[in-house]
Amino acid sequence: MAEASECGVCFRPLQGTDRIEINSGQCCLDCCKAVFVLATDDESMFPPKLFGAEVSLDIAQAHLTRAELDAFETKAAEWRTKLKDRLYCSRESCSAYLGPANLKTTAITCTISKCSRKTCSACRKAWHPKRECSDEVEVQALCSKPELNLQECQNCGRPVELRDGCNHMRVRP
């Protein structure tokens, strides 16, 4: 490949060590770093891509600060998890990502320093050690019954049903 004289993203002239070869092009360190910072802040930008292909973290890792790298790895773990399988802190003012949810009823403690709220991994509400989960777990189990003709919404995981023979779908309460 002939050496590019400018960044393939921002078109700024490339200087000796300010150049990274990625996929079929070259870019400056700032642009490579920027796609990782953007992917940390915006899920639609994840995974980071340059020149039409995903960029390996190995390429950018040496050019990210420790804080940027930690933030990216935290968000990457969240965004690699399907939306319906994500568990967030039940305290609305916090809503930190706690990891993947599961139907086994366990208390997951929020690790945010000023929160420490316990959330039920099954129903996703505040931890309730002496009572059963709310109806939400039962509603999710409805999808497994073929006679009810329900499907799971790909975005929220709630049951949806075909209504009146048209293609209008509604989330079932």
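**Figure 1. Accessible surface and overall make-up of the predicted model.** The protein exposes about 11,300 Å², of which carbon and sulfur atoms supply 50%, with accessible areas taken from the Shrake-Rupley method with a 1.4 Å probe and, for residues, only the protein chains shown counting as cover. This is a predicted model, in which local features need pLDDT of at least 70 and side-chain atom pairs count only at pLDDT 80 or more, whereas totals for chains, interfaces and linings use all residues. Residues are numbered from 1 along each chain as its sequence is written, and side-chain values use heavy atoms, with hydrogens and water left out. The protein has four helices and eleven strands, these being DSSP runs numbered from the N terminus (helices H or I, at least four residues; strands E, at least two). Of the 173 residues, 30% are buried, where buried means under 20% relative accessible area, exposed means over 50% and partly exposed lies in between (1.4 Å probe, protein chains only). Among contacts between residues at least 6 apart in sequence, 29% join residues at least 24 apart, a contact being heavy atoms within 4.5 Å.

**Figure 2. Helix H1 and what covers its buried residues.** The 13 residues of H1 should span 18 Å at 1.5 Å a residue, and the end C-alpha atoms of H1 are 19 Å apart, which agrees; the expected span is 1.5 Å times one less than the number of residues in the helix. The buried residues of H1 are Cys 31, Cys 32, Val 35, Phe 36, Ala 39 and Thr 40, and what covers them includes strand S1 (19–22), strand S2 (25–28), S3, helix H2 (57–60) and H3. Leaving aside its neighbours within four places in sequence, Phe 36 is in contact with Pro 48, Val 55, Ser 56, Leu 57, Ala 60, Leu 64 and Phe 72.

**Figure 3. The largest nonpolar core.** A nonpolar core is a set of buried Ala, Val, Leu, Ile, Met, Phe, Trp, Tyr and Cys residues joined through side-chain atoms within 4.5 Å. In the largest one, which has 20 residues, Ile 22, Cys 27 and Phe 36 touch the most other members. The elements that give two or more residues to this core are S1, S2, H1 and H3, and H1 gives the most, with five residues. In soluble globular proteins, nonpolar side chains tend to be buried together.

**Figure 4. Helix H3 and its cover.** H3 has 14 residues and reaches 20 Å from its first C-alpha to its last, close to the 20 Å expected at 1.5 Å a residue. Leu 69, Phe 72, Ala 76, Glu 78 and Trp 79 are buried in H3, and their cover includes H1, H2, S5 and strand S6 (97–100).

**Figure 5. Aromatic pairs.** A search of the whole structure finds four aromatic pairs, counted where rings of Phe, Tyr and Trp (its six-membered ring) have centres within 6.5 Å, with planes under 30 degrees apart taken as stacked, over 60 as edge-to-face and the rest as tilted. The rings of Phe 46 and Phe 72 have their centres 6.0 Å apart and their planes at 40°, so this pair is tilted. Phe 46 lies in the loop between helix H1 (29–41) and strand S3 (49–50) and Phe 72 in helix H3 (residues 66–79), so the pair ties together parts that are 26 residues apart in sequence. Phe 46 is buried at 17% relative accessible area, and Phe 72 is buried at 4%. Tyr 88 and Tyr 97 form an edge-to-face pair, 5.7 Å centre to centre with 65° between the planes, and Tyr 88 is partly exposed at 26%. Ring pairs also link Phe 36, Phe 46, Phe 72 and Trp 79 into a cluster.

**Figure 6. Cys 27 and Cys 32.** With a disulfide taken as a pair of cysteine sulfur atoms within 2.5 Å, the count comes to zero disulfides. The sulfur of Cys 27 is 5.0 Å from the closest cysteine sulfur, in Cys 32, which is too far for a bond. Cys 27 is buried, with a relative accessible area of 0%, and Cys 32 is buried at 1%.

**Figure 7. Thr 81, in the loop between H3 and strand S5 (86–88).** Thr 81 counts as buried at 14% relative accessibility and, leaving aside its neighbours within four places in sequence, is in contact with Arg 86, Tyr 97 and Pro 100.
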